[in-house]
Amino acid sequence: MRTRRGVCYPRTDVCFEKRDAVIRNRKMGFSGDDDAVLQRWKRRRCDDNGRDFFDTLPDDLVLCILSRLGSAASRPSDFVNVLLTCKRLKGLALNPMVLTKASSKTFAVRAKDWSDDAHRFLKLCADAGNVEACYTLGMIRFYCLQNRGSGASLMAKAAIGSHAGALYSLAVIQFNGSGGSKNDKDLRAGVALCARAAFLGHVDAMRELGHCLQDGYGVRQNVPEGRRFLVQANARELAAALLSARSLVAHPRPLEGGAAVAGGCPLLSDFGCNVPAPEAHPANRFLVDWFGSRQIGPLGPRLCSHAGCGRPETRKHEFRRCSVCGAVNYCSRACQALDWKMRHKGECAPVERWLDEDRDAPGDNDVAADADGDVAMIES
């Protein structure tokens, strides 16, 4: 590469090779022009006063660059590698100004890589006011680490910052009475939280609110308004899919087995479209990996049957269950509607055995779905 004046930039690899050769020669006792080579290499990195060029950059400029890096990071390693570069970059990268703008993909740590260091980093970002970090750490603490109070407070902090996912997760907790007993359910609070998340454009919250209005669950029944919210949820999902259609065609997302994503989102197929399903939030992917890697016996907590959810029960028979087959259970109506048209519609078959198994220990409520995927609550 050349500058505007036609001068070539020094090749970095050649410079480092010469420097390494000089260091090796010194260790082996050789002499010669090594000092001159090393001095030339230092001059390329330092100004006339002998200071490193990087040290001359003002802190506010470096903070601005690191903030852009954190907001555009596509994986945790993009940001972590900065912390390992040098002492100054590590100190500036942990500045609250940088941490508060980090994207959700910066915290997309895998369950198998979870450690105290990852926990501390998420805590630093949450303390800096990053709503994505508050939501992610809140979900991990509430469901994985079983620290209900701290997890709920972190999600509430994110919800105060208008984080739609945190509002919807708190609504699911209110609908199910998660972390408490069946008497701790607050349906009206759940509907209010869903309405706020739907106002912010959260698709699952729109779908949940639509089913609540259709069934009169926690709110006065209004079938036309519920249908409107369901159509609006599908329309927003379609708009988001069309925006990413070009990138998905050019770069298809591979599965774990190496095959490309071929299936589409069945809810959008109602409108004559067939596009890949929306990507799950890093917090939900963490829950799926966390509980998927642990052996949960038949007497342990059940997981939501929707593959992209990952929420577990916090008490026995907390989730809703399909009243036809009894083989699947869901934390919310939105998860039931998604899983019904994605998978369960072709697998559901009447089975009577689960009625005999759970006759002595009935669940909180069960779910029935008609041919259109609509949800009907059946209280036990």
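**Confidence, core and helix packing in the predicted model**

The mean pLDDT of the chain is 77, and 67% of its residues reach 70 or more. The structure is a predicted model. Where pLDDT is low, the predicted coordinates should not be read in detail.

The largest nonpolar core consists of 72 residues. Leu66, Trp114 and Phe286 are the residues with the most contacts inside this core. Among the elements that contribute to it, helix α8, which spans residues 131–144, gives the most, with nine residues. Leaving aside residues up to four places away in sequence, Trp114 touches Val109, His119, Leu122, Leu137, Ile140, Leu145, Phe286 and Trp290.

Helix α8 also packs against helix α10, which covers residues 164–176. Two packed helices are described by the angle between their axes and the distance between the axes. For α8 and α10 the angle is about 20° and the axes lie 10 Å apart. Angles under 35 degrees count as roughly parallel, so α8 is roughly parallel to α10. The crossing of the helices α8 and α10 is left-handed. On the α8 side, the contact is made by Tyr135, Met139, Phe142 and Tyr143; on the α10 side, by Gly165, Ala166, Ser169 and Ile173.

Methods:
Residues are numbered from 1 along each chain as its sequence is written. This is a predicted model: local features need pLDDT of at least 70, side-chain atom pairs count only at pLDDT 80 or more; totals for chains, interfaces and linings use all residues. Side-chain values use heavy atoms; hydrogens and water are left out. A nonpolar core is a set of buried Ala, Val, Leu, Ile, Met, Phe, Trp, Tyr and Cys residues joined through side-chain atoms within 4.5 Å. Buried means under 20% relative accessible area, exposed over 50%, partly exposed in between (1.4 Å probe, protein chains only). Helices (H or I, at least four residues) and strands (E, at least two) are DSSP runs, numbered from the N terminus. Contact means heavy atoms within 4.5 Å. pLDDT is the predictor's confidence in each residue, from 0 to 100. Axes are lines fitted to C-alpha atoms, for helices over the stretch in contact, and angles run from 0 to 180 degrees between N-to-C directions. Angles under 35 degrees count as roughly parallel, over 145 as roughly antiparallel, 65 to 115 as roughly perpendicular and the rest as oblique. A crossing is left-handed if the near helix is turned anticlockwise from the far one by less than a right angle, and right-handed if clockwise.
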